[in-house]
Amino acid sequence: MKQPRALVIGSGPGGLTAAAALHRRGWSVTVLEKAASIEPVGAAISLAANAQRALDAIGVGDAVRDLAAWEGSGGLRTPEGRWLSRTDAAALAERFGGGIALVHRADLAALLTARLPAGAIRTEAAAEVEDPGGPGEPARVAVPDGVLEAELVVAADGIGSAARSALFPGHPGPAYAGFTTWRLVLPARPVAFAPHETWGRGELWGSQPLADGRVYAYAAALAPAGRRSPDGELAELRRRFAGWHDPVPAILAAAEPGQVLHHDVRWLAEPLPAFHRGRVALLGDAAHAMTPNLGQGGNQAVEDGVVLAHHAAADPAAVPEALERYTRDRLPRTRTVALRSARAGRVINLTGPLAVRARNALIRGVGLLGPRVVLRGLDGIADWEPPGGGADPGGPYASPAQAAP
Ligand SMILES: Cc1cc2nc3c(=O)[nH]c(=O)nc-3n(C[C@H](O)[C@H](O)[C@H](O)COP(=O)(O)OP(=O)(O)OC[C@H]3O[C@@H](n4cnc5c(N)ncnc54)[C@H](O)[C@@H]3O)c2cc1C
């Protein structure tokens, strides 16, 4: 049978995972990225055991873990520095089969890109779904120099997905979640510290060492949509967080304005009716953008990529049917995770002094019951297994070379 063709729109974690998984299954894959290079925006990304198992299924998990820092041995603090609860790496691994790995996004992108053949990624290739295709009809995608056809199109074009608007024009699109975020990576640790996330009143700060000595820090705060600081976002961060416990002031003192990324958080509050139309599958933030409170948006995108390749490989001649199965698998799961994440955001963003005191007392109380109880928040999420379980041996088209990790 002719080698089936897939076009992947977008080279974020979702698009690159889908591309690597489809290539491994024997598909001819072209990734279309509108940016001039594969340089992911967004600093670092935490990958829980669910995403690591998805990456294991395509032979990338060990390489990711080799580059990772582990988030297990930190905890949750108050702005004054009091520990509310401590996480425990061993308990995490025991409960979910793995800890939380923190990697730089560029490293994840490089590992996934290395699984693709030379020439599979086209940059400066803004793509638009022209026709989603259907049984017996290929899908058509417009790119700057023409129109491409394929048996499968993976629309992994992020939260502002043009493919989503084209396929579901009646959908209202992303809604503002009520808070804004900042992220930065420092080239070196200004002081020694244990990883932590710190919850204040409608504000949050996290500091995480990366494995190579760099520091990933992130912050969030309730704010009106579109607000920009007149003297720059680093000045805004210093105003809000310089009085918080160590190492926050040291990180803020060492940071430079150009290192700070700032994004308002939007999510798909209204779910899509399906994650596909014809031969086009929506994936990652394009399909189910969620708030970052559980650190699962990218994890779910990675899961999507592996599950999509699994269904598409079953019978590449029957892509529309495979995409029905993909929607059935992924829509309920990602909706549950998105709603849990939004709920966590509401707790984190409490502002009333009494409510914050009650929240903190509850967390401290639960923490006293032991790490197993604290970790229940990730039950049903981090324990996910890819379809078929374990390493994906490659599909019916895979040559031995393609099937090797
Ligand atoms: C503050 C913050 C912290 C976060 N932390 C985590 C975390 O720790 N763990 C986690 O799992 N998730 C986290 N997330 C969520 C995570 O960033 C996203 O869920 C993830 O990046 C989604 O991946 P994606 O591949 O779907 O889309 P994206 O990463 O958005 O990639 C989309 C790609 O498509 C390209 N593109 C767009 N339109 C076109 C077009 N027309 N043609 C061609 N290319 C196009 C874009 O240039 C981009 O490269 C966080 C989010 C925020 C805001």
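Student: Which residue lies over the face of Trp 83, and at what distance from the ring centre?

Tutor: This is a predicted model, where local features need pLDDT of at least 70, side-chain atom pairs count only at pLDDT 80 or more, and totals for chains, interfaces and linings use all residues. Residues are numbered from 1 along each chain as its sequence is written, and side-chain values use heavy atoms, with hydrogens and water left out. A charge sits over a ring if NZ of Lys or CZ of Arg is within 6 Å of the ring centre and within 35 degrees of the ring normal. Over Trp 83 lies Arg 86, and its distance from the ring centre is 3.8 Å.

Student: Why is the pair of Trp 205 and Phe 241 tilted?

Tutor: The structure holds four aromatic pairs. Rings of Phe, Tyr and Trp (its six-membered ring) pair if their centres lie within 6.5 Å; planes under 30 degrees apart count as stacked, over 60 as edge-to-face and the rest as tilted. The centres of Trp 205 and Phe 241 are 5.3 Å apart, and the pair is tilted because its planes stand at 55°.

Student: How many residues apart are Trp 205 and Phe 241?

Tutor: Helices (H or I, at least four residues) and strands (E, at least two) are DSSP runs, numbered from the N terminus. Trp 205 sits in strand β15 (residues 203-209) and Phe 241 in helix α7 (residues 233-241). The pair thus links distant parts of the chain, and its separation is 36 residues.

Student: Is Gln 3 buried or partly exposed?

Tutor: Gln 3 is in the segment before β1 (5-9). A polar atom of its side chain lies 3.0 Å from the backbone oxygen of Gly 26. The relative accessibility of Gln 3 is 40%, so Gln 3 counts as partly exposed.

Student: How far apart are the C-alpha atoms of Gln 3 and Ser 46?

Tutor: Along the chain, Gln 3 and Ser 46 are 43 residues apart.

Conventions. Buried means under 20% relative accessible area, exposed over 50%, partly exposed in between (1.4 Å probe, protein chains only). A polar contact is a pair of N or O atoms within 3.5 Å; within protein, one must be able to donate a hydrogen and the other to accept it, and residues adjacent in sequence count only if both atoms are side-chain atoms.
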